[in-house]
Amino acid sequence: MQFENQVVLVTGAGRGIGKEIALSFARQGADIGVADVNEDTAQATANEIEKLGRKAFFTRADVSDYGQVQQFVSGAMRQLGRIDVLVNNAGIAQPQPFLEITPENWENHLRIHLFGTFYCSQAAAREMAKRKYGRIVSIASVAGLMGPIDLAPYGVAKSGIIGLTRAMALELADYGITANAIAPGPIDTEMIRAAWSKEALEERASHLPIRRLGQTSEIAHAAMFLASPDSGFISGATLVVDGGSVAAGAYMVEKYRRRKAGQA
Ligand SMILES: NC(=O)c1ccc[n+]([C@@H]2O[C@H](COP(=O)([O-])OP(=O)(O)OC[C@H]3O[C@@H](n4cnc5c(N)ncnc54)[C@H](O)[C@@H]3O)[C@@H](O)[C@H]2O)c1
């Protein structure tokens, strides 16, 4: 029970990686604040947390809306009393080839991923600072470390989250707060299944040194490591959890060239 009686806020916890993170912390004794733009799935996650014997607070909140984020954090404080950990997980991936990217697509990715991570981190850190303890874990992506295909604004926003993580590591250290990011490779969730065909996903997996997609539980494991009270000397880091793909490097170049040549 590593997180016994701690309070963990998870954005985008209605499904996928965020849901698994929320349930994993609850299994380790934490009470959870759940925010999602989808109220029904947020409530379903909260119900599962309560079945594990933990308290849950849920709210419909769009992380790109400053006011809704303030309401989420103040509601969690009222219901759960404190904030030990924030996991910035909410996100979207709407692929568009670079020459076809619309202003709306560009803005949506930046607002949800980057502005959302800033709004949530600032609001949670203001509460954490009062108790001189906190852990902020933000879900970035390998797309923030390598050039992604058809996802330029997504990659830019994820690079921004990595930069924001470094800035927070510096400015929040005096308040006992660490800030770290996770850069997942392809993880088997509805998001990636919507963005890639089944064949493309199989091909992607076959190019990873560890020849499979990652599981949501593997990202939850990394989030709990970075959020642990024992990880107080780790701050400003980006933990790559990607089956070795960044280390291996060349997959995207290869895919792009084969596509141009009409082979993929
Ligand atoms: N699945 C992958 O391969 C992968 C890889 C790298 C990074 N990530 C990142 O991990 C995070 C979770 O991804 P996932 O695969 O579980 O996606 P998902 O689509 O399955 O889940 C995302 C959740 O976020 C919620 N959400 C979306 N926009 C929101 C908003 N504006 N405010 C609040 N909630 C919002 C959705 O309703 C959903 O419940 C995202 O930040 C994603 O970019 C995923």
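Of its 13 lining residues, Gln122, Ala125, Met168, Glu171 and Leu172 are the closest to the centre. A pocket is an open set of points, on a 1 Å grid over the protein atoms alone, with protein on both sides within 12 Å along at least five of seven lines, whereas a cavity is a set of points where a 1.4 Å probe fits but cannot get out; lining residues have an atom within 4 Å of a point. Grid points are joined across faces, edges and corners, and a volume is the space filled by probe spheres set on the points.

The model is predicted, with local features requiring pLDDT of at least 70 and side-chain atom pairs counted only at pLDDT 80 or more, while totals for chains, interfaces and linings use all residues. Residues are numbered from 1 along each chain as its sequence is written, and side-chain values use heavy atoms, with hydrogens and water left out.

Helix H4 (103–131) and helix H5 (152–172) each contribute at least two residues to the lining of the second largest pocket, and H4 gives the most, with six residues. Helices (H or I, at least four residues) and strands (E, at least two) are DSSP runs numbered from the N terminus. By class, this pocket lining comprises nine nonpolar, two polar and two charged residues. Ala, Val, Leu, Ile, Met, Phe, Trp, Tyr, Cys and Pro count as nonpolar, Asp, Glu, Lys and Arg as charged, and the others, Gly among them, as polar.

One cavity of 30 Å³ or more is present in the structure. The largest cavity holds about 60 Å³ of space. Its lining has 13 residues, of which Thr11, Asn88, Asn89, Ala90 and Thr117 lie nearest the centre. H4 and H5 are the elements that give two or more residues to this cavity lining, and H4 gives the most, with five. The residues of the cavity lining divide into six nonpolar, six polar and one charged.

Val87 is located in strand S4 (residues 85–88). With a relative accessible area of 0%, Val87 is buried. Val246, found in helix H9 (residues 245–248), counts as partly exposed at 30% relative accessibility. Buried means under 20% relative accessible area, exposed over 50%, and partly exposed in between (1.4 Å probe, protein chains only). The C-alpha atoms of Val87 and Met146 are separated by 23 Å, with the two residues 59 apart along the chain.
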